[in-house]
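Here's a quick briefing for anyone meeting this structure for the first time. Take a look at the sequence and the model, then read on.

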Amino acid sequence: MMSPTILISVDDAELSSSLLMELGKFDDITVCLPQDSNAGDAQMAVCWHPDQALLDKFPQIQCLHSAAAGVDHLGKGLLESGLPVARIVDPDQKQGMLEYVLWCVLNHHRDFDRAAKNQAQQQWHLYPQLPANEVRVGVMGLGEIGAHVATGLAQFGYSVSGWSRSPKQLERVSTFSGPSEFTDFLEQVDVLVNLLPLNQATQGILNQSLFQSLPEGACLVNTGRGGHLVEEDLINALEKGWLRSAVLDVFAAEPLPAEHPLWTTEGVTVTPHMASSSSAAMIAHQVHQNILRFIKGQPLLNTIDHTLGY
Ligand code: NDP
């Protein structure tokens, strides 16, 4: 029997070649790139910002695998194709996200952002030191990553709350759910961390009305997707002093264009979509597991719910 074939449709040369190498280590599957002569045999595609004409060009593809935790990069056409879509769920990525968010929370809580600003003006200024339990962190999205971040911050002593679509119970985290509890959640948050998936329901959710619901002087951490943020509303909120700062890891346009105002907006820290990633070896391992399940007729692991879009 022919071994199952996986096509790599990854719009990032480095990731594409790492996946080619890692998937190539499994001798019970065949791996190919779109230009290869056997690409037409592919039953599964592993994707990062894939070719939108993928299914027209390679009609044997019967399932899609995101090379990331998020699936928004697949685009509407592929997400609505009806094919099963699996994604990466990775303990190391969850921990990496917790580390990134902890840095953001400490930066705000222990006033490192203010110290850096003061240093630039040769100003020596001390701020009162609050205990961690007086800092209120709110996490939007309590899924695989958000729940790990929320419980990890709570273990660190912060006062943590979280918001999700459906009600959740998490140790030492107060939880809110649905649109009806959104404002109550926001009103008691000093550092707001976005870990929602990007879809129709969450596009533009980080907007003026949200910023006005937060206590004055709050900090925004956007580690979800650029499409969650209305950039001009954030710049306005920082200029007006509604927000003290924002740490942004994801942007509507990536790489962030050199002339973009967010590079130089006071109070904004820009990081290059580095909050947390999975290794190519981990992605390849999960893709390999799933293609073997697929050919045995078993359900794929970590699939999205098409009606919810995540
Ligand atoms: P999950 O699908 O596991 O969790 C999503 C969470 O968001 C769930 O708790 C879900 O609620 C909640 N949610 C979804 N829609 C809504 C809504 N309309 N209102 C309220 N809550 C909602 O995703 P992950 O935790 O694995 O990943 C989250 C996102 O993090 C990814 O989609 C990606 O965009 C981003 N990410 C960013 C990285 C970076 O480096 N910057 C790295 C990895 C991920 P419920 O539980 O009720 O379904």
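Predicted model: local features only at pLDDT ≥ 70, side-chain atom pairs only at ≥ 80, totals over all residues.

Residues are numbered from 1 along each chain as its sequence is written, and side-chain values use heavy atoms, with hydrogens and water left out.

**Aromatic rings**

- Rings of Phe, Tyr and Trp (its six-membered ring) pair if their centres lie within 6.5 Å; planes under 30 degrees apart are stacked, over 60 edge-to-face, and the rest tilted.
- That rule gives 5 aromatic pairs.
- One of them is the stacked pair of F182 and F185, with 6.4 Å from centre to centre and 15 degrees between the planes.
- Both F182 and F185 sit in helix α7 (residues 182-186), 3 residues apart, or about one turn of the helix. Helices here are DSSP runs (H or I, at least four residues), strands are runs of E (at least two), and both are numbered from the N terminus.
- F185 is buried too, because its relative accessibility is 0%.
- Ring pairs also tie W163, F176, F182 and F185 together as a cluster.
- Elsewhere, R114 lies over the face of Y127, 5.0 Å from the ring centre. For a charge to sit over a ring, NZ of Lys or CZ of Arg must be within 6 Å of the ring centre and within 35 degrees of the ring normal.

**The whole chain**

- You'll find 10 helices and 12 strands in the chain.
- A compact globule of 310 residues would have a radius of gyration near 19 Å, and the chain agrees with its 21 Å. The radius is taken over C-alpha atoms, and the globule rule is 2.2 Å times the number of residues to the power 0.38.
- Along its principal axes, the C-alpha trace spans about 70 × 40 × 30 Å.
- Of the 310 residues, 51% are buried.
- Among contacts (heavy atoms within 4.5 Å) with a separation of 6 or more, 60% join residues 24 or more positions apart.

- Helix α6 (residues 144-155) has 12 residues and should span 16 Å at 1.5 Å a residue; its end C-alpha atoms are 17 Å apart, which agrees. The expected span is 1.5 Å times one less than the number of residues.
- Which elements do the buried residues of α6 pack against? They meet α4 (91-109), β6 (136-140), β7 (159-164) and β8 (173-177).
- The buried residues of α6 include I145, V149 and L153.
- Just past α6 comes G157, with a positive phi of about 105 degrees.
- In helix α9 (residues 231-239), the buried residues are E231, D233, L234, I235, A237 and L238.
- Those buried residues pack against α8 (208-213), β10 (218-222), β11 (243-248) and β12 (268-270).
- After α9 comes G241, whose phi is positive, near 80 degrees.

- W48 belongs to strand β3 (residues 44-48) and is buried at 15% relative accessible area.
- Leaving out neighbours within four places in sequence, W48 has contacts that include S9, D11, A67, R225 and H273.
- W48 and L74 are 26 residues apart in sequence, yet 6.9 Å apart in space, C-alpha to C-alpha.
- Q286 lies in helix α10 (residues 280-295) and is buried, with a relative accessible area of 9%.
- Not counting residues up to four places away in sequence, Q286 touches H65, R87, I88, V89, D90 and N302.

- Most residues other than glycine have a negative phi, and most peptide bonds are trans.
- Q122, not a glycine, has a positive phi near 50 degrees; it lies in the loop between α5 (112-120) and β6 and is exposed at 72% relative accessible area.
- N302 isn't a glycine either, and its phi is positive at about 60 degrees. N302 lies in the segment after α10 and counts as partly exposed at 31% relative accessibility.
- E254 and P255 are joined by a cis peptide bond, with omega about -5 degrees, and P255 lies in the loop between β11 and β12.

How values were computed: Buried < 20%, exposed > 50% of the residue type's maximum accessible area, 1.4 Å probe, protein only.
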